[in-house]
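Colleague: I have a few terms to sort out. Can you take me through them on this model?

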Amino acid sequence: MNRVPGDAENAHSSSVESCPSLRDVHSINPTQLLARIESYEGREKKGISDVRRTFCLFVTFDLLFITLLWIIELNVKGGIETTLEKEVLHYDYSSSYFDIFLLAVFRFKVLILAYAMCRLRHWWAIAFTTAVTSAFLLAKVIISQLFSQGAFGYVLPIISFILAWIETWFLDFKVLPQEAEEENRFLLAQDASERAALLHPGVLSDGQFYSPPESVAGSDEDSEEKQDSEKPIV
């Protein structure tokens, strides 16, 4: 017979314990929400996110690294001026590395224009540059005679191919998903702030709280004393 009251007490205690969790869900601090929204708005005012800036730095590194390797290749072949004239002015598709350098310049211009200046949020620009780079390098490796010119016949095409695909991976798996997640957080925080304004329409600031004047309380006590003194003594 004592089991029923015990079960009722357990159910009541569980319901009481569940109430704070519901309160925690619905309790929203407007100050924290406003601070979070301001932080997101500050990021928007900066114009470019941190992860996108890192991507642009890597694109710049791609251009500088390919340029450095090409300059080293020019020195190895017998001097920069002589080899530069041979590879640029007397360009030969089967033996020149100048087109690989131009390919790096092409990637740099397109990607910086699309993702730094225009702040594009789609993968089509980097898909275009990676497809052009892959097709050109595969054709050059098959048709040209680069492998007969020493180590740089392997290094420059392979490094250019790898850097192009690393850029694609970084944008598709890091930049775009992280920016989309930050935008969703901003929208959720904004929505939560609007709901907080509806749930707490009468939130008062510290300056709006007041207490009744002390003179009123003192007047009540004086009136009670006067009434006691005016009572006849028996």
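Colleague: Why is Arg 119 called partly exposed?

Modeller: Its relative accessible area is 48%. Buried means under 20%, exposed over 50%, and partly exposed lies in between (1.4 Å probe, protein chains only). So Arg 119 counts as partly exposed. This is a predicted model: local features need pLDDT of at least 70, side-chain atom pairs 80 or more, while totals for chains, interfaces and linings use all residues. Residues are numbered from 1 along each chain as its sequence is written, and side-chain values use heavy atoms, without hydrogens and water.

Colleague: Why is Phe 170 called buried?

Modeller: Its relative accessible area is 18%. That is under 20%, so Phe 170 is buried.

Colleague: What makes the pair of Phe 161 and Trp 165 tilted?

Modeller: A search of the whole structure finds 12 aromatic pairs. In this one, the ring centres are 6.3 Å apart and the planes are at 50°. Rings of Phe, Tyr and Trp (its six-membered ring) pair if their centres lie within 6.5 Å; planes under 30 degrees apart are stacked, over 60 edge-to-face, the rest tilted. So this pair is tilted.

Colleague: What makes you say that the charged end of Lys 140 sits over the ring of Tyr 93?

Modeller: The charged end of Lys 140 is 4.5 Å from the ring centre. The rule asks for NZ of Lys or CZ of Arg within 6 Å of the centre and within 35 degrees of the ring normal. Lys 140 therefore counts as sitting over the ring of Tyr 93.
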